Amino acid sequence: MSGFPVLTTTLLVPLLGAIIIMCLPADKHKSIKYTAAVATFISMILSLVVFLGYDKALGGMQFIETIPWIKDLGVNYALGVDGISIPMLLLTNLIGFSSIYASWKIEERAKEFFTLLLILISGVMGTFITTDLFIFFLFYEVVVIPIYLLVIMFGSTKRVSKEYAGMKLTIYLLIGSAFLLAGLIALFIKAKAISGIPSMDMAFLGTLDYSSGFQILVFAFMAFGFGTLLSMFPFHAWSPDGYAGAPTAVSMIHAGVLKKIGGYGLIRIALTILPLGAKFIAPVIAVLAIGNVVYAAYICLSQKDLKYIVGYSSVSHMGYVLIGIAALNIISINGAVIMMFAHGVMAALFFAMIGNLYEKSHTRNIEDFGGLAHQMPKLATGFMIAGLASLGLPGTVNFIGEFTIFVGAFSTFKVIAIIAITGIILTALYILRTLGTMLFGPRKEEWDHLQDLKGPELVPLVVLGLAIILGGCLPFTLMDLITNGVEPLVAQMALIQIGGLF
Amino acid sequence: MDISLLLTEIMVALLGLLVLVLGLALPARGKTVVNRLALLGMIAILIYAISTFSQEEAFFNGVYQIDMFGSYFKLLFLSAGILVMLMAGKYISRFEEKSSEFYGLMILATLGMMLMCSAGEFITLYVGLELMTISFYILTAYLQNDQLSAEAGLKYLILGALSSAILLFGISLVYAMTGTTMFTEIASAFTMQPALLAGVVVIIAGFAFKISVVPFHMWTPDIYQGAPIPITTYLSVGSKAAGFAALVRVFMVAINGADTSFDWSMLLAILAALTIIIGNLIALSQKDVKRLLAYSSIAQAGYILVGVVAANSFGLKGVLFYAMIYVFANTGAFAVATAVEVDTGKTGIEAFAGLSKRSPMLAAIMTICMLSLAGIPPMAGFAGKFYLFAGAIQNGYLWLAVIGLIMSMVSVYYYLGVSKAMYIGENENESPVLTTGGSTVALWICVLATILLGVYPGPLSELAGYAIQILM
């Protein structure tokens, strides 16, 4: 494989698909959908190749590609993956591929829909595989606008109008990103002042010694930016409304991977480059994370709309990720990464099932349903897998994530970890109640006309369900990889902390 | 002294006069010949200007400077002029028998801008400024039967003359205190006398008026809305860039170069912050796309001013880079607005409803260009803002960068408001909006430049880097 630019190909195939779709006539729905499916399929296979081909013995960044891009800013088009980015890359492509099938029924303006969706998938992927800060931010913002257009054009208006939901989501994320960008530029300028060379390379920026005041300031900016994206309490309000308004595929990608850019950025950029700032601000993040876990879970208890339940539950689960990151040790960060993967596939599967059900029944109100397992056994299976994964049942990959986070976090924040664990009980409460009301109980005649999943609709269930269970039964496949990526980061952090304190 | 170095300016002047004469002499006022001649002439001059980019020479002991800084802006003005001539398309027919003079005046305005960016002293600068502004007075009022246009022309005349007077007053104060109008000599004769400081402040106010910086921005919305759209476009991209070119040269050579303890950059920083905040906030509530773009252009001037505040290599590079990409992004947006106005006769947001169904390309181009104005990657505006704010942070203005970044995210709200109308609005008229060949070409140039310079800004930023060397 030497010489073949795997990562660039993975990144550009969906974009190429988008360009082909733009050139197709608008009424050729079949060709448009097949193009999108083929493009995402190729990316998925390539990311599996990367996943299996990564040399764990060697470690570090692999599949590196570097092209000088903007000289005076020290920007390189630099790609590379390590143990942290590979799970995210894989997650993106699993969900991207499934999301195409979850939108198979789209007929009106299919051309615009799939073009934007493919741009979105490429953009998200780009953030995970680049090692250059400038390119990272470029991709990070690229995704926001396609999402807005997708929400206003294809979203649904229930409790809030789709225009409102789309704009709320967009503005929240952009304001967050403004702070992030200010932080990034400040970091860049500082690094240039210290080292004398302009550079945007994440690894290089991490080797410099910044004063602690500067680190705290910039880390606070970044924590705000990434935190907003990760729906950190109290900046989470966009998330449930946004998901409720968005079309299925966007909810899947947004909850599944886009949010994870926040967590990924915190680990890869903020923690690594600014360890002193991290140490100072981590307790604040941990306390806010409690807000996520417990407050959002309580809100879930009183929700009636399926999308709002999953929306708030994803806010709640991101609290675990934040606690894992804030605890700043290998085990907890490992857990945070695996939890991001786990929550991604779970939330995407959930939204795929909800989207499918909503399409057929035109309601998302839990109390309208009952005994759906009679009419739609396969859909019910999907809901059950996602639901049980959500409450962290052993055997699903989510269990691995939650368990690891709490083991890691307990050594740093005892009280916070204990409070956070109550989140699991609350999750079990609302998830089981929801699933029980919807799926089981006596058969309701009014839903007899609903067709079970078939054909393309099965793809998300199979792909994502498989990922949840395989990850849960064979956790070492992911775990070893992630440890491989986290270890050097934490080691580097420890090094700088000693250097900085004395 | 080699006069052939002035060939670019001489050719523009000759072309402008030739077009004016032919418009009078030819039958049917040269309708078919003149526009082609003007366009091809401008393109030829642009190619010549590219080939002579790196020439350097000071004329008449520095009164007129041929350098890369000037060359860069000359390329900018010529490209903007060509794009505006192309995109005017069918709009020209509204000028009826006066369409030939339109081209002549456009070319003369371009000449004025070129003089401004190369002037090495105040009187030459003022002559260039007046040549440009007087051409614009006429052009603004070009739709004689249109009340708004006539009103805009009158307003622009009165307010423009006022601002020129202010500028002249400042120049005379500076001359009185230093005994010279040459930028370099002013720098060495600079003292902290109150009258001289007042002179500089008044000069800055005069420039602030031309580039519509708050609180000297009041004229902008009415005039942008009333003037024919191609003129509005040229006003917003060309006249503004010329103002900045002159301001940067004056500020860097005469004021900032001087050894004083007065913190001029803080004064400009406050103006920039006000401009960004007020321009964007007022734009939020606009219902007319022309007026919206007018307020957005005020905010854009604020961003560019951030680069002048920074006054370091990143900041100035940002000014030049942003001025150039602003030409493409803003012209693209105005070109779509022109096509829509020609088709519907209106420029309110409701005229844009359902555009994505009528002409998907136009809707996409409008969205891309406006996102570039908002600074969303991968559009060119992002790279430009990165330079500007990197410069500001390097010079210690973190607060200004934060304000600028937050407000540019706020601006996304009104830009997306137009996108929203285009993508989900309903319109009974489903037929495509027709564009002429010329405006289609202009649209494609704008959108491709906006995307390509955003994805790969390296070459342009290097060019800007060479251009500012003379000021560093």
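Is Ala311(B) buried or exposed, and how many other C-beta atoms lie within 10 Å? In this predicted model, local features need pLDDT of at least 70 and side-chain atom pairs count only at pLDDT 80 or more, whereas totals for chains, interfaces and linings use all residues. Residues are numbered from 1 along each chain as its sequence is written, and chains are lettered from A and ligands numbered from 1 in the order in which they are written.

Ala311(B) is buried, with 23 other C-beta atoms within 10 Å; a residue is termed buried at 20 or more such atoms, exposed at 12 or fewer and partly exposed in between, with C-beta atoms placed from the backbone. Ala311(B) is located in the loop between helix H12 (289–310) and H13 of chain B, and its phi is near 50 degrees, a positive value in a residue other than glycine. Helices (H or I, at least four residues) and strands (E, at least two) are DSSP runs numbered from the N terminus. In chain A, Ser231(A) likewise is not a glycine and has a positive phi of about 55 degrees. Ser231(A) belongs to the loop between H9 and H10 of chain A and is buried, with 29 other C-beta atoms within 10 Å. The loop between helix H9 (212–229) and helix H10 (238–245) of chain A also holds Pro234(A), which is joined to Phe233(A) by a cis peptide bond with omega of about 0 degrees.

Between the chains, 25 residues of chain A are in contact with 26 residues of chain B, contact being defined by C-beta atoms, placed from the backbone, within 7 Å. On the chain A side, strand E1 (62–70) and helices H5 (133–142), H6 (144–154) and H7 (162–195) each supply at least two residues. H7(A) gives the most, with 13 residues. This side comprises 20 nonpolar, 1 polar and 4 charged residues, where Ala, Val, Leu, Ile, Met, Phe, Trp, Tyr, Cys and Pro count as nonpolar, Asp, Glu, Lys and Arg as charged, and the others, Gly among them, as polar.

Within chain B, helix H3 (residues 68–88) packs against helix H4 (residues 99–118) at an angle of about 165 degrees, with the axes 9 Å apart. Axes are lines fitted to C-alpha atoms, for helices over the stretch in contact, and angles run from 0 to 180 degrees between N-to-C directions. H3(B) is therefore roughly antiparallel to H4(B), a term applied to angles over 145 degrees. The contact of H3(B) with H4(B) includes 10 nonpolar, 4 polar and 1 charged residues.

Technical notes:
Two residues are in contact if their C-beta atoms, placed from the backbone, lie within 7 Å. Angles under 35 degrees count as roughly parallel, over 145 as roughly antiparallel, 65 to 115 as roughly perpendicular and the rest as oblique.
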